[in-house]
Amino acid sequence: MWRRHVLSRELSPAEWPVVRRAVPFEEHVVGRRFDHHWGRTIMAGEATAFSTQMLAFHPPYFNVEAARKLGHNALLVHPMLVFTTVFGLSVEDLSESGGAFLGAEGVEFVEPVHPGDTLYASSVVLHARHSDSRPGKGVVTWETTGRDHTGREVIRFRRTNLISKGHPEGSITAPEGYAEDFTVGQRMRHARSRTISDIDLNGLTLSVMNSAAGHFSEAEMAGTEYGSRINFGGLTLSLVLGLATQDTTPQLVREVELTSITFPCPVRRGDTIFAATEVVDVAPADMQTSKVRFRHHGLNQHGKTVCVAERTVILRNRD
């Protein structure tokens with residue numbers, strides 16, 4: 001049975017405590033190992049798109065017959081897509097704190113990667129020192145290894161980044177995402193944000209076949225009260241849910257319902273979207289799971305609310 005809770009509104013969602021995501025410099029101790037929790041399957045379409053977008057017109061990257069003539073059973077994945085993907089898998093643990101990427105050494109492409117392979121990453125701290133020129137940062141070097149789904153090593157490299165020291169003042173520890181981690185009335189602001197671009201307005205709107213020209217035609221909107229294209233609300237909501245995902249649903253069993261969806265303020269190209277979440281209800285579902293209802297808030301760079309929705313999910317219990 002739902003225990004609906006009416007939450008007070010004394011603080012704007014923009015003022016709620018932010019969830020810590022980055023690992024600060026002080027925790028990068030030499031010898032520490034990170035097994036990065038994400039894996040990523042490389043699909044044929046993205047492998048071809050990457051090589052063509054990078055102007056890497058080498059036939060085995062997009063022509064399967066050319067790859068077979070070289071003795072491969074499938075297309076080759078461009079090595080730089082392998083490097084950037086394995087690098088990306090490590091960022092959450094290593095360098096999300098916003099420090100500059102200073103360089104890399106010894107990038108070894110150990111084995112070829114083919115579409116359909118799933119890549120995983122792990123890293124070890126090799127060096128860590130305080131920055132002489134930036135008192136609030138340190139310099140850290142890691143060795144990162146990428147493996148495929150069979151455990152085969154496919155790439156290794158060393159990279160160095162500037163890393164921020166300490167956590168933001170008033171920040172809170174990220175929940176593991178089990179149902180027991182959430183209590184009615186709990187509030188959090190999510191650390192990540194994303195700026196709306198033509199990828200959203202022209203690309204994603206058309207990819208989901210939304211034919212409302214006000215999302216992708218400036219001429220259509222020029223004489224309206226909006227004055228320019230606005231983002232499709234479904235994509236704004238999708239982004240808000242995405243920004244909240246790691247702090248709310250890493251133990252998701254399934255989505256149940258979205259309701260009370262409103263869009264108080266339009267979103268335009270160049271707006272940056274942030275997200276905040278409050279826990280509305282928690283109730284047992286069965287011995288292994290619970291039903292949790294969140295209220296998600298989307299905010300722009302001015303702190304204005306652009307989207308609100310209530311979301312019901314089934315989460316795993318810890319025990």
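Predicted model: local features only at pLDDT ≥ 70, side-chain atom pairs only at ≥ 80, totals over all residues.
Is Glu-153 buried or exposed? With a relative accessible area of 17%, Glu-153 is buried, because the cut-off for that label is under 20%.

**The sheet around β5**

Now show the strands as a cartoon and find the open sheet of 5 strands. Reading across, the order is β1-β3-β4-β5-β2, and the pairing is antiparallel. At the edges stand β1 (33-41) and β2 (101-109); each has a single partner strand, so one side of each is left without a neighbour in the sheet. Look along the sheet to see the twist, which averages 20° from one strand to the next.

Strand β5 (residues 153-164) runs antiparallel to β2, and 6 bridges join the two. To see one of them, select Phe-101, whose bridge partner in β5 is Asn-161.

Leave Asn-161 highlighted and step across to β4. Val-140 stands opposite Asn-161, and β4 and β5 pair in the antiparallel sense over 11 bridges. Follow the chain through the hairpin of these two strands, where 5 residues lie between them; there Gly-151 takes a positive phi near 90°.

Next, select the whole of β4 (residues 137-147). How many of its 11 residues are buried? The strand is mostly covered, with 8 of them buried.

On to β3 (residues 118-130), which runs antiparallel to β4 and is joined to it by 10 bridges. Pick Arg-129 and look in β4 for its bridge partner, Val-139. The hairpin that connects β3 to β4 passes through 6 residues.

**A second salt bridge to visit**

Select Arg-40 and Glu-46. Their side chains meet in a salt bridge of 2.8 Å, N to O. Arg-40 is partly exposed, with a relative accessible area of 36%, and Glu-46 counts as partly exposed at 23%.

**The loop between α1 and α2**

Move to the loop between α1 (44-53) and α2 (64-69), where you will find Phe-62. Leu-55 lies in this loop too. Phe-62 is partly exposed, with a relative accessible area of 33%, while Leu-55 counts as exposed at 61% relative accessibility.

Check the backbone of Leu-55 while you are here. Its phi is near 60°, a positive value in a residue other than glycine. Most residues other than glycine have a negative phi.

For another example, jump to Met-209, in the loop between α4 (198-207) and α5 (218-221). The phi of Met-209 is near 65°, again a positive value in a residue other than glycine. At 74% relative accessibility, Met-209 counts as exposed.

**Helix α3**

Select residues 79-94 to bring up helix α3. At 1.5 Å a residue, its 16 residues should span 22 Å, and the end C-alpha atoms are 22 Å apart, which agrees. Now color the helix by burial. Buried residues in α3 include Leu-81, Val-82, Phe-83, Val-86, Phe-87 and Leu-89. Among the others buried there are Thr-85, Ser-90, Glu-92 and Asp-93.

**Zooming out**

Finally, show the whole chain. There are 6 helices and 11 strands to find. The C-alpha atoms fill a box of roughly 60 × 50 × 50 Å, taken along the principal axes. What share of the 319 residues in the chain is buried? Buried residues make up 44%.

Terms used. Residues numbered from 1 in each chain as written. Heavy atoms only, no water. Pairing = 2+ DSSP bridges. Helix = DSSP H or I, 4+ residues; strand = E, 2+ residues; numbered from the N terminus. Axes fitted to C-alpha atoms, helices over the stretch in contact; angles between N-to-C directions. Buried < 20%, exposed > 50% of the residue type's maximum accessible area, 1.4 Å probe, protein only. Expected span 1.5 Å × (residues − 1). Salt bridge = Lys/Arg side-chain N within 4 Å of Asp/Glu carboxyl O.
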